[in-house]
Amino acid sequence: MILLKNTTSATTTLIAKRSKADGYIGNIAITNVSTNDADAAIIDVYIEDASANKFYLVKNISVPHGVCLYLDKNVKFDASVYSLKVQNDGSNRSLTIMIK
């Protein structure tokens, strides 16, 4: 499975609970594609259950313009129970996300 997504939202669902995609992923690459060198993305990646409980893979990671956050450890999850989401609390909302 390869999922590519461009987003400018504060919170983006990457893999929805009970979707056709499974949670057996090898890595997640999140790139700050802002056009402004000063804009850092502040990234949280987490899984969320039906009761909105969040379980974080990473939290409050600053990703400068042009830099990629690459997660390749412990990124598998049960997609029948959880959704995979990314949140960007930085001043920049321009991200490209690739999941393999």
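Which residue forms a salt bridge with Lys85? Glu48 does, with the closest N and O atoms 2.8 Å apart.

## Basis of the model

This is a predicted model, in which local features need pLDDT of at least 70 and side-chain atom pairs count only at pLDDT 80 or more, while totals for chains, interfaces and linings use all residues. Residues are numbered from 1 along each chain as its sequence is written, and side-chain values use heavy atoms, with hydrogens and water left out.

## Salt bridges

The structure holds two salt bridges (a side-chain nitrogen of Lys or Arg within 4 Å of a carboxyl oxygen of Asp or Glu). Strands, marked E, are DSSP runs of at least two residues, numbered from the N terminus. Glu48 is buried at a relative accessible area of 13%, and Lys85 is buried at 15%. Buried means under 20% relative accessible area, exposed over 50%, and partly exposed in between, with a 1.4 Å probe and protein chains only.

The other bridge joins the side chains of Lys59 and Asp44 at 3.6 Å, N to O. Lys59 is in strand E5 and Asp44 in strand E4, so this bridge ties together parts 15 residues apart in sequence. Asp44 is buried, at 2% relative accessibility, whereas Lys59 is partly exposed, at 43%.

## Nonpolar core

The largest nonpolar core has 21 residues, and those with the most contacts inside it are Ile25, Ile28, Ile30, Ile43, Val45, Leu84 and Ile97. Such a core is a set of buried Ala, Val, Leu, Ile, Met, Phe, Trp, Tyr and Cys residues joined through side-chain atoms within 4.5 Å. Strands E2 (11-15), E3 (28-32), E4 (41-48), E5 (54-63), E6 (68-71), E7 (83-88) and E8 (95-99) each supply at least two residues of this core. E4 gives the most, with four residues.

Leaving aside neighbours within four places in sequence, Val45 is in contact with residues including Ile28, Ile30, Leu71, Leu84 and Val86. Contact means heavy atoms within 4.5 Å. Ile97, in strand E8, is buried at 1% relative accessibility. With the neighbours within four places set aside, the contacts of Ile97 include Leu3, Leu4, Leu14, Ile28 and Ala29. Ile97 and Ala29 are 68 residues apart in sequence and 5.6 Å apart in space, C-alpha to C-alpha.

## Aromatic pairs

There are two aromatic pairs in the structure. Rings of Phe, Tyr and Trp (its six-membered ring) pair if their centres lie within 6.5 Å; planes under 30 degrees apart count as stacked, over 60 as edge-to-face and the rest as tilted. Tyr46 and Tyr56 form a tilted pair, 5.4 Å centre to centre with 55° between the planes. Tyr46 is in strand E4 and Tyr56 in strand E5, 10 residues apart. Tyr46 is buried, with a relative accessible area of 1%, whereas Tyr56 is partly exposed at 36%.

Phe55 and Tyr82 form an edge-to-face pair, with 5.9 Å between centres and 85° between the planes. Phe55 lies in strand E5 and Tyr82 in the loop between E6 and E7, so the pair ties together parts that are 27 residues apart in sequence. Both are partly exposed: Phe55 at 40% relative accessibility and Tyr82 at 23%.
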